[in-house]
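Please look over the sequence and the model shown here before reading the report on them.

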Amino acid sequence: MILFMLFAVTTFNYADRAILSIAGTAMKSELGFDAVTMGFIFSAFSWAYVLGQLPGGWLLDRYGSKRVYAASIFIWSLFTLLQGGVHFLGAAWAVPALFMLRFMVGLAEAPSFPANGRIVAAWFPTTERGTASAIFNSAQYFATVLFAPLMAWITHAYGWSETFVVMGVGGMLLSMIWMRAMHSPKGHPRMTQPELAHIRDGGGLVDMDQGLEAGKGGQVNRGVKLGHLKQLLGNRMLAGVYLGQYCINTITYFFLTWFPIYLVQERGMSILKAGMVASLPAICGFLGGVLGGVISDRLIKRGFSLTWARKIPIVAGLLLSTTMVLCNYVDTQWMVVGIMALAFFGKGVGALGWAVVADTSPKEIIGLTGSLFNTFGNIAGITAPIVIGYIIKETGNFEWALVYVGANALLAVISYLVIVKDIKRVVLKPLDDAEPPYKKLSGVETR
């Protein structure tokens, strides 16, 4: 049930990010946006999402996942709903208003994936963590499968603004369900002692949010300091993971933002057909995402080291995702969709970054560590839509845009093979200011 709630919330999370990719063509026609303007509006979400990561991680470590996540869902859904009214402002004010509302959605969503990582680290032992992380992460594909056809139909039948209203109201209702359904392992009313022991003995951090759900404080380390960030940033393994996630998210944001527009502009599909067709690669991404986690956990159970159990599906999947460049050499629509489905399947198999975060984060600051990982990864949400927008404007087509996205997949492979030597939990070194202070004793400095 906990994993189902993570999956459901993450599905709404990605659906709200992707609304513009479905409604974008109709909005461009009505409000007069060009490709570069659309690229900047696409990127507004990620500017705020990146800026909000570290504060979001601190809030999670301070107040716990349940309350912070519930507030996050409600607030981002409210700002999603408000986007449906920007056309009342006229074309001149619609662009800045839409940019700011997308910015606020990104800021509100900032704690979501670090919270997912914290909850998985608390609820799942190591040998189940890859599958659990893959399932909640695969919600990004399921969001397209479920909501892209629905949003395309609403846009076609009623108009693009109604799409924002429907998704906003649905998300606010979901935040209320979350508050009733979500608990820490020790606080869950149906938890049994054998299950708790299974989670704890397998490496689950069952005490992480103990006492925080009711606002009573707890055993969480609130003394996060700049020195902790320096240790994380100076770790070679984490640096490679951060670079890999940036490249993987470049693929993600292409599919979330420009892919439906690619189908309409470059391949001549209608908005309704593009919404339906976009769900096919997403189904393959969903299947690949779940399969990648299952393969990784099965490799651990068969005696592979944690390092290679994570690396093998990551590298193989991302190499497969580079095949999207082949779309530049085919003309028929069904071949384009097939190649994109294969590429999206590979990206799903390789998207195990959050399992790696759960495996490697220092137990004292899991929220902050996940936020730092998500910060670097989602810089791609700023750069990818803008870079692709400029490429389209300068070349008049998507050919070099696909090369750019495929090159990022290859760079992620290099990062995991060359920079990330071993995957293991980071242990924080004691900070000087955390040690007992100096005291004077007979004129001699002592500790």
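Predicted model: local features only at pLDDT ≥ 70, side-chain atom pairs only at ≥ 80, totals over all residues.

Residues are numbered from 1 along each chain as its sequence is written, and side-chain values use heavy atoms, with hydrogens and water left out.

**Salt bridges**

A salt bridge is taken here as a side-chain nitrogen of Lys or Arg within 4 Å of a carboxyl oxygen of Asp or Glu, and by this rule the count comes to four.

| Pair | N to O distance |
|---|---|
| Asp-359 and Arg-129 | 3.8 Å |
| Arg-310 and Asp-297 | 3.2 Å |
| Asp-359 and Arg-310 | 2.7 Å |

Helices are DSSP runs (H or I, at least four residues) numbered from the N terminus. Through shared partners, salt bridges join Arg-129, Asp-297, Arg-310 and Asp-359 into one network.

Asp-359 and Arg-129 are both buried, as are Arg-310 and Asp-297; the relative accessible area is 4% for Asp-359 and 0% for Arg-310.

**Helix H8**

Helix H8 (residues 139-157) has 19 residues and reaches 26 Å from its first C-alpha to its last, close to the 27 Å expected, where the expected span is 1.5 Å times one less than the number of residues. At Phe-147 the helix H8 bends by about 40 degrees, and Pro-149 follows within four residues; the bend is the angle between axes fitted to the seven residues ending at a position and the seven starting there. Among the buried residues of H8 are Phe-147, Pro-149 and Met-151. After H8 comes Gly-159, whose phi is positive, near 120 degrees.

Phe-304, Trp-308, Ile-312, Leu-319, Leu-410, Leu-411, Ile-414, Leu-417 and Val-418 form a nonpolar patch on the surface, with about 780 Å² of accessible area together. Such patches join nonpolar side chains (Val, Leu, Ile, Met, Phe, Trp, Tyr) within 5 Å, taken from residues with over 30% relative accessible area and no salt bridge, and the areas come from the Shrake-Rupley method with a 1.4 Å probe. H14 and helix H19 (399-419) are the elements that give two or more residues to the patch, and H19 supplies the largest share, five residues. Ile-414, placed in helix H19, counts as partly exposed at 43% relative accessibility.

Thr-323 sits in the loop between helix H14 (306-321) and helix H15 (333-350) and, at 18% relative accessibility, counts as buried. Leaving aside residues up to four places away in sequence, Thr-323 touches Ile-339, Leu-342 and Ala-343, contact meaning heavy atoms within 4.5 Å.

Met-38, in helix H2 (residues 35-51), is buried with a relative accessible area of 0%. The C-alpha atoms of Met-38 and Gly-389 are separated by 7.5 Å, although these residues are 351 residues apart along the chain.

Methods:
Buried < 20%, exposed > 50% of the residue type's maximum accessible area, 1.4 Å probe, protein only. Patch = residues over 30% accessible without salt bridge, like charges linked within 9 Å, V, L, I, M, F, W, Y side chains within 5 Å.
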